[in-house]
Amino acid sequence: MKLVIAIIQDEDSENLIKTLNENNFKVTKISSTGGFLKSGNVTILSGIDDEDKDKFMKILEENSKTREVKRTIQPINIPGQAMIPVPISVKVGGATIFVVEVFDFKKF
Ligand code: 2BA
């Protein structure tokens, strides 16, 4: 068994989770925040059988889009210098995925 931890964009979460559920994957959705952009994203946890990994990855790939996001970040405070916010543009996603081997799984 494997535990898939996938960080996806909020906009993709509804369709993705719906498709996973329709394919009999159980999912836990956690609201999370990206450390760099400090904006909301979604982390999903799913315990899957080893033989379902490829199917799961295909659904993730088909349902998570890469997007260009524009944000304004505050530069580092250098004493004596004006703090001018800097506009940046970064490509986010589709999905950041960790697959972890599960040593034990119990459900009471
Ligand atoms: P954030 O940390 O908010 O990062 C959003 C996007 O900003 C990243 O997209 C990447 O394109 C860019 N970025 C992140 N750190 C950067 C840096 N130090 N310098 C320049 N650009 C940077 P993604 O790579 O698609 O990541 C989307 C979200 O997935 C991340 O949101 C974070 O929540 C998570 N994530 C990505 N890699 C991770 C990792 N190795 N471990 C844990 N979480 C990760």
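**Surface, fold and the setting of K2**

The protein has an accessible surface of about 7,800 Å² (Shrake-Rupley method, 1.4 Å probe), and carbon and sulfur atoms contribute 54% of that area. The model is predicted, so local features need pLDDT of at least 70 and side-chain atom pairs count only at pLDDT 80 or more, while totals for chains, interfaces and linings use all residues. Residues are numbered from 1 along each chain as its sequence is written, and side-chain values use heavy atoms, with hydrogens and water left out.

Two helices and six strands make up the secondary structure, as DSSP runs of H or I with at least four residues for helices and of E with at least two for strands. From the N terminus their order is β-α-β-β-α-β-β-β. The radius of gyration, taken over C-alpha atoms, is 18 Å, well over the 13 Å that the globule rule (2.2 Å times the number of residues to the power 0.38) gives for 108 residues, so the protein is more spread out than a compact globule. The C-alpha trace spans about 60 × 25 × 20 Å along its principal axes.

Of the 108 residues, 26% count as buried, that is, under 20% relative accessible area with a 1.4 Å probe and protein chains only. K2 lies in strand β1, residues 2–8. Beyond its neighbours within four places in sequence, K2 is in contact (heavy atoms within 4.5 Å) with residues including S46, D50, K53, V100 and E101. The side chains of K2 and E101 make a polar contact at 2.9 Å, the term denoting a pair of N or O atoms within 3.5 Å, one able to donate a hydrogen and the other to accept it; residues adjacent in sequence count only if both atoms are side-chain atoms.

Terms used: Buried < 20%, exposed > 50% of the residue type's maximum accessible area, 1.4 Å probe, protein only.
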